[in-house]
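This report describes the fold of one protein chain.

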Amino acid sequence: MDDLEFRRRLLADPSDPELQASKAASPRHQRYAEDVANLDSKIDQALRVDVPEDLADKILFSQTNDTEQPERRTRGYLAMAASIAFVFGLTLGQLNWGITTPDLNRTALDHYYHEQTFIAGINEAATVEQVNAKLQPFGKAFSKLPGEITYINHCSFGGQHALHMVMRASGQTYTVFVVPSASQAPAEKSDGTMHSVSLPVQSANVIVVGKTSGQTAPLAEQLQQQLMPTAI
């Protein structure tokens with residue numbers, strides 16, 4: 001089973017016996033399956049919020065205490081609203097912690113090297129409609145694309161799902177990520193071999209990894225201008 005087929009079947013049916021056999025026979029498949037499992041675990045942990053043991057008693061008490069003064073009742077409602085807002089903010093903080101703090105370009109370069117062997121030689125010839133279908137859960141869409149898309153999929157990027165695609169433009173190959181996290185300031189990073197450029201786009205970031213900064217930055221700017229918000 002090739003790498004692309006393994007990824008698709010892992011997301012569709014992780015318990016598939018043929019999939020399990022392929023994973024056991026391939027260290028690369030094992031690493032990818034572990035990455036997906038770790039991501040699912042982080043999301044599950046972030047969504048778990050402990051409920052106070054005495055919450056039911058407090059609710060019953062508030063419903064049966066008809067002698068409570070209106071001012072005290074108002075203060076109680078405000079306190080409950082504040083508690084709900086705190087829990088909601090805490091949950092969002094847990095979900096976004098792994099995305100807003102790391103260096104996006106460093107993560108993109110690491111991801112590029114990790115994924116390179118999985119997608120070498122693949123050409124899916126994806127259309128802009130197929131790309132936008134992958135972007136739909138993020139509330140984003142490209143108006144057009146300045147190159148040929150040879151690979152597209154969701155990936156784990158710094159702890160959450162993101163869009164990962166490979167694009168050929170002007171005779172060069174680029175790796176592009178759309179990360180639906182809080183936008184960060186424009187930034188660049190080079191490791192001497194590859195160059196990464198990240199640009200903010202309405203509560204998201206477009207990141208392009210290429211061989212030279214002179215061509216990578218203009219492509220990132222084009223993608224930034226062409227990425228639009230849509231209704232989720």
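In helix α6, the buried residues are L104, N105, T107, A108, L109, H111, Y112, E115, F118 and I119. Buried here denotes a relative accessible area under 20%, exposed over 50%, and partly exposed anything in between (1.4 Å probe, protein chains only). An α-helix has 3.6 residues a turn, so residues three or four places apart point the same way. Helices (H or I, at least four residues) and strands (E, at least two) are DSSP runs numbered from the N terminus.

The model is predicted: local features require pLDDT of at least 70, and side-chain atom pairs count only at pLDDT 80 or more, whereas totals for chains, interfaces and linings use all residues. Residues are numbered from 1 along each chain as its sequence is written, and side-chain values use heavy atoms, with hydrogens and water left out.

Helix α6 covers residues 104–119, and at 1.5 Å a residue its 16 residues should span 22 Å, which agrees with the 21 Å between its end C-alpha atoms. The expected span is 1.5 Å times one less than the number of residues. The helix also has a kink of about 30°, centred on Y113; the bend at a residue is the angle between axes fitted to the seven residues ending there and the seven starting there.

**Overall composition**

The protein chain contains eight helices and eight strands. Of its 232 residues, 36% count as buried. Among contacts in the chain with a separation of 6 or more, 53% are accounted for by residues 24 or more positions apart; contact means heavy atoms within 4.5 Å.

**The sheet**

Six strands form an open sheet in the order β2-β3-β4-β7-β6-β5, with antiparallel pairing. Two strands pair if DSSP finds at least two bridges between them. The edges are taken by β2 and β5 (187–190), each with a single partner strand, so one side of each is left without a neighbour in the sheet. From one strand to the next, the twist averages 20°. Axes are lines fitted to C-alpha atoms, for helices over the stretch in contact, and angles run from 0 to 180 degrees between N-to-C directions.

Strands β3 and β4 run antiparallel and are joined by seven bridges, with H164 opposite F177 in β4. These two strands form a hairpin with two residues between them, and S170 in the turn has a positive phi of about 55°. On the β7 side, β4 pairs in the antiparallel sense over five bridges, and V179 stands opposite N205 in β7. Six of the eight residues of β4 are buried, so this strand is largely enclosed by the rest of the structure. Helix α7 lies across β2, β3 and β4, running at about 10° to β2.

**Nonpolar cores**

A nonpolar core is a set of buried Ala, Val, Leu, Ile, Met, Phe, Trp, Tyr and Cys residues joined through side-chain atoms within 4.5 Å. The largest such core has 25 residues, of which V131, F142, M165, M167 and L223 touch the most other members. Two or more residues each come from α7 (128–135), β2 (148–157), β3 (160–169), β4 (172–179), β6 (195–200), β7 (205–210) and α8 (213–226). Apart from this core lies another, of twelve residues, including A108, C155, F177 and V209.

Which residues does L223 touch, not counting residues up to four places away in sequence? They are F142, L145, P146, M167, V176, V206 and V208.

**Individual residues**

A125 is in the loop between α6 and α7, while Q202 lies in the loop between β6 and β7. The table gives relative accessible areas for these and two helical residues.

| Residue | Relative accessible area | Class |
|---|---|---|
| A125 | 48% | partly exposed |
| Q202 | 45% | partly exposed |
| Q222 | 34% | partly exposed |
| H29 | 2% | buried |

Q222 lies in helix α8. Q222 and K144 are 78 residues apart in sequence and 9.6 Å apart in space, C-alpha to C-alpha. H29 is found in helix α3 (residues 27–47). The C-alpha atoms of H29 and F6 are 7.3 Å apart in space, with the two residues 23 apart in sequence.
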